[in-house]
Amino acid sequence: MELLGLSAREIAAGVKAKKFTAEEAVRASIERIKRYDKKYNAIVALCEEEAVASAKRVDEAVARGEEPGALCGVPYVVKDNFCTKGIVTTCCSKMLKGWVPNYDATAVEKMKEAGAVLIGKANMDEFAMGSTTESSIFGATLNPRDRTRVPGGSSGGSAAAVAAGYVPVALGSDTGGSVRQPAAFCGVQGMKPSYGQISRYGIVAYASSLDQVGPLAANVGDLALLMDVLAKGDPNDTTCDAYERPSFTGAAAKASLAGKRVALLTGYDRGSLDAPLSAAIDRAVEICRAEGASIIDVKLPITMEHSVACYYMVALGDASSKLACYDGMRYGHHADGRNLSEMYKKSRMEGFGEEVRKRILVGTCILTRGYYENYFVPAMKVRQLISDEFKNLFEEADMLICPISPALAYKRGLGEKDPVRMYLGDVFTTIANLAGLPSVSLNLGFTAEGLPTNVQLLAPRFGDDGLLCCAAAIERAAGAPHIAELTEDD
Amino acid sequence: MKREVVIGLEIHLQLKTRTKLFCSCSTDYIGATPNTNVCPVCLAVPGTLPVINDLAVDLAVKMGLGLHCDIQDGTRFHRKHYFYADLPKAYQITQYEHAIAQGGYLDIIAEGKKKRVHLDHLHLEEDAGKLVHPTADGRLSGAAYSLVDYNRGGMPLSEIVSRPEMNSPAEALAYIAQIRQLARYLDVSDGEMESGSLRVDVNVSLSNPDGSLGTRVELKNINSLRSIGRALEYEIARQNRVLDEGGELEQETRLWDDAAGVTRSMRSKEGARDYRYYVEMDLAPIDAKPDYVRRIRESLPEMPWDKRDRFVSEYGLSLEESQQITEQREVADYYEEIVKAGAPAAKAANWMRTEVQRILRDDALDITEFPISARRLGELISKVEKKELSNTQAKDVLAAMYGEKLSLEEAMKKCGASGEKMTGGALEAVVEKVFASQPEAVDAIKKGADKKGAKVKFLQGLVMRETRGSADPAEVARTVAELLK
């Protein structure tokens, strides 16, 4: 039986129906990684033994006739900033090289309970800071659609692993677009749920008020399935809402746009987008209209003008705070010094890479007296204004369509050559994090050169189910992306 | 020139919870093996998040209400950043702009005068760990290395910040004592300075000639009430001396060196840290809705000062007596039970302050460990009131009840104070015994040498004492006279 290219739902159903075993599914996944990943570098730690053992346990449970979970036997990978008990978790940084947590992130625990099998840890930008997955100490990940291009970041490894057909689903974290942008670059579907939808416990923090766990998959139905598994209240994370969630798979199965009010973002220079991305937006709007939605043009003046600046104020201030615990004292990289202060400086200088150090320094500056009042406090006020702008927008509309990124997947090395352009590339993704909104990156086919095109869909906070319902309808019309054809040669 | 002393205090109270402020580690750290009361959360292991201990919030609100503060809804925590080995996250989670309890006041009595001290606020925060330096004096200087114990890290503290309204060391000490008493009444904290569950930072300055506040000096590291008094006296004298000599004071933090009896500079204003306060986004704001605050308010016991004043009006005690008896809530409760058992209030107060206190002090007991029930003690005191026992007898009975664990009845029998009159043969036996012990006096009387009858009186007195007052004096006189024949 050919397992490659099956969705998570198909694999779980197949294992349940005993058409094939979880072990077979897991071995197929591991073999593909072993065969191709030397070239693509999406996986930084493969846990073959643990995976096979877990798969066998799933098979035994199925054989005993126990009720298998929704993801029974489904192989998956997590970004390397998810804590995994007994398995290295490094954030792809020298700072945590070789660190093995003694607990599982809540998201990893939920996946385990649902019968999913962890295959490995996915590559990422160091401490989730970057848009290209080039700042990892394990080296850059290559885009499975085009190896001269980056897979996006910072969950580039997770997106590439799904695009490459290693696994049907993967988990990433999204602080300012880190799930959606790599999903767009790699040609898969990615989602950042509403803030408070999924527990952050066990995710090595970048910025507490922006971070959210996000699923990646080849289709919207699998995103919804992961949401059903992951979106639960958690006593270990008081920012994770305890409300009763709707059925996300139920919402996605409806796949309807009839009567929906869809807002199209205007008021920015459409000509600045790469042409295929502008075309993708037009196509999405056409589909919405054809499926019975009404379209209105909207502008978000404050959001478009200030979101990137606001995002970097909030994110970097928070990052400097959350990354202060890496002081060489209890875990992670340690350097000796003649005194405490020198020990801290050397440990942090040696342990963190350049991008992380840069962001910590800027963040520390932002929180310093004087700068705090002049930069950070206004940024927090702007954040509120952005939220308000969306609140007003979603009184008139059920969903917003806008780009994910102004550009198709970048050529490798851009981050070094033009960091400001790279930061500005976050303009459309950061807004969802600042306002706590759910957002999906939806593939809309490929260019003639085979590069993925896409749109971003946003919905009101905790309107994740409605968002998946609309996304599934557009996907049905546009077609879900297929996995990439990989090559072993150079 | 007279300069007025201005003192403000910051008191850290360790809250009485079983678990830490943001995780479920035990708070029972005294004597625990270092780094055993720790978990991923309080060690700031990557990926962990704090979860607020609801009981700590309850206790802080309780204390805030006791201090007449306004309880705020939706208050937040902040992160206070600094790098130090005992601070695992490199920030302390504390309340900064939005303390849970704002304003408030505390009435104190110092040197016989009542005074109202206003508070700035009360906030919640976590404690840091502890550094252990392997030097003889336990200080950092000269240590080749230092060890860190994180058992204390994350302990729940409430910090009570007063306005600078105290004008003498005596007022400062009275304020601390009153806070400690309140904390114990509310069962919010043990309030013990020796074990560190009550810690005080002192701000002291001298007013300028125009009445404005002078340069403020902060004193840290003071571990007892006595030391606080000494440190204040020293620091006030030092500041006066500097100013008298025409010098200027520096705004600084000074440490109290108890052995040397001096304060020493620790860091100046220039060296003050910028803590980069930042909202703690990992914790949702605290829900302290009016309903919740009302429930806590209703659960509050009688305040110590109310009890003190009530004892004065209800039992007719002097303020001083009442203060002494209400100092500890359990002592006050015990006292009220004695009174309920029938003992007159004034006599009961006297017994509490003398006999009971003596036993407690001598044997280092807490009233809760005192084996004699309030009801029994009440009965004993009422027997004195009814003249069934003399004061002396009653004290003996109490000693027997306590020392030999006898019941009231057994103790009375043992002391010959069972209430039965000693007459007839029993009395004669006692008289014979007294005579036997005083052969010279007996001899002198028999020889007619006791012209004034003093020796007879002496023997009668001895008999009375021997019978512990249970014999009728007239019968004693008669019996002595008969047996002398």
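1. Let me start with the second largest pocket: α13(A) gives the most to its lining, with 11 residues. Both α13 (371-396) and α16 (430-435) of chain A supply at least two residues each to that lining. Bear in mind while reading that this is a predicted model.

2. Staying with the second largest pocket, its volume comes to about 920 Å³. The lining counts 34 residues, and those nearest the centre are Y195(A), R383(A), R461(A), R76(B) and M281(B). Sorted by class, the lining of this pocket has 18 nonpolar, 7 polar and 9 charged residues.

3. Rolling a probe the size of a water molecule over the atoms shows where empty space is left. The count here is 5 cavities of 30 Å³ or more. The largest cavity holds about 210 Å³, and 22 residues line it, with K322(A), A44(B), T48(B), K89(B) and Y91(B) nearest its centre. Its lining splits into 14 nonpolar, 4 polar and 4 charged residues.

4. The second largest cavity has a volume of about 110 Å³. Of its 14 lining residues, G130(A), S131(A), G176(A), S178(A) and D426(A) lie nearest the centre. By class, you get 4 nonpolar, 8 polar and 2 charged residues in this lining. Keep S178(A) in mind, as it comes back below.

5. Which residues does UniProt list for "active site"? The entry, which is unreviewed, gives K79(A), S154(A) and S178(A). They are spread over 100 residues of sequence but cluster in space, with a largest C-alpha distance of 10.7 Å. From this set, S178(A) belongs to the lining of the second largest cavity.

6. Take S154(A) next. You'll find S154(A) in the loop between β3 (117-122) and α5 (156-163) of chain A. Is S154(A) buried or exposed? Its relative accessible area is 0%, so S154(A) counts as buried, the cut-off being under 20%. Beyond its neighbours within four places in sequence, S154(A) is in contact with K79(A), N123(A), M124(A), D125(A), A128(A), M129(A), G130(A), T133(A) and S178(A). That list takes in both of the other residues in the UniProt set, K79(A) and S178(A). With K79(A) there is a side-chain to side-chain polar contact at 2.7 Å.

7. S178(A) sits in another loop of chain A, the one between β4 (169-174) and α6 (180-186). S178(A) is buried too, because its relative accessible area is 6%. Leaving out residues up to four places away in sequence, S178(A) touches K79(A), A128(A), G153(A), S154(A), S155(A) and S173(A). Its side chain also makes a polar contact of 3.3 Å with the side chain of S154(A). So, by polar contacts, the side chain of S154(A) reaches K79(A) and S178(A), and it does so while S154(A) is buried.

8. N41(A) is buried, with a relative accessible area of 18%, which falls under the 20% cut-off. What does the side chain of N41(A) reach? A polar atom of this side chain lies 3.0 Å from the backbone oxygen of F138(A), and the side chain also reaches the backbone oxygen of G139(A) at 3.2 Å. Residues up to four places away in sequence aside, N41(A) touches N123(A), F138(A), G139(A), A140(A) and T141(A). N123(A) is also among the contacts of S154(A).

Definitions and conventions. Residues numbered from 1 in each chain as written. Chains lettered and ligands numbered in written order. Predicted model: local features only at pLDDT ≥ 70, side-chain atom pairs only at ≥ 80, totals over all residues. Heavy atoms only, no water. UniProt positions renumbered as here; feature names shortened; annotations may be inferred. 1 Å grid on protein atoms, 1.4 Å probe; cavity = no way out; pocket = protein on both sides within 12 Å on 5 of 7 lines; lining within 4 Å. Helix = DSSP H or I, 4+ residues; strand = E, 2+ residues; numbered from the N terminus. Buried < 20%, exposed > 50% of the residue type's maximum accessible area, 1.4 Å probe, protein only. Contact = heavy atoms within 4.5 Å. Polar contact = N/O pair within 3.5 Å; in protein donor to acceptor, adjacent residues only side chain to side chain. Points joined across faces, edges and corners; volume = space filled by probe spheres on them. Nonpolar A, V, L, I, M, F, W, Y, C, P; charged D, E, K, R; others polar.
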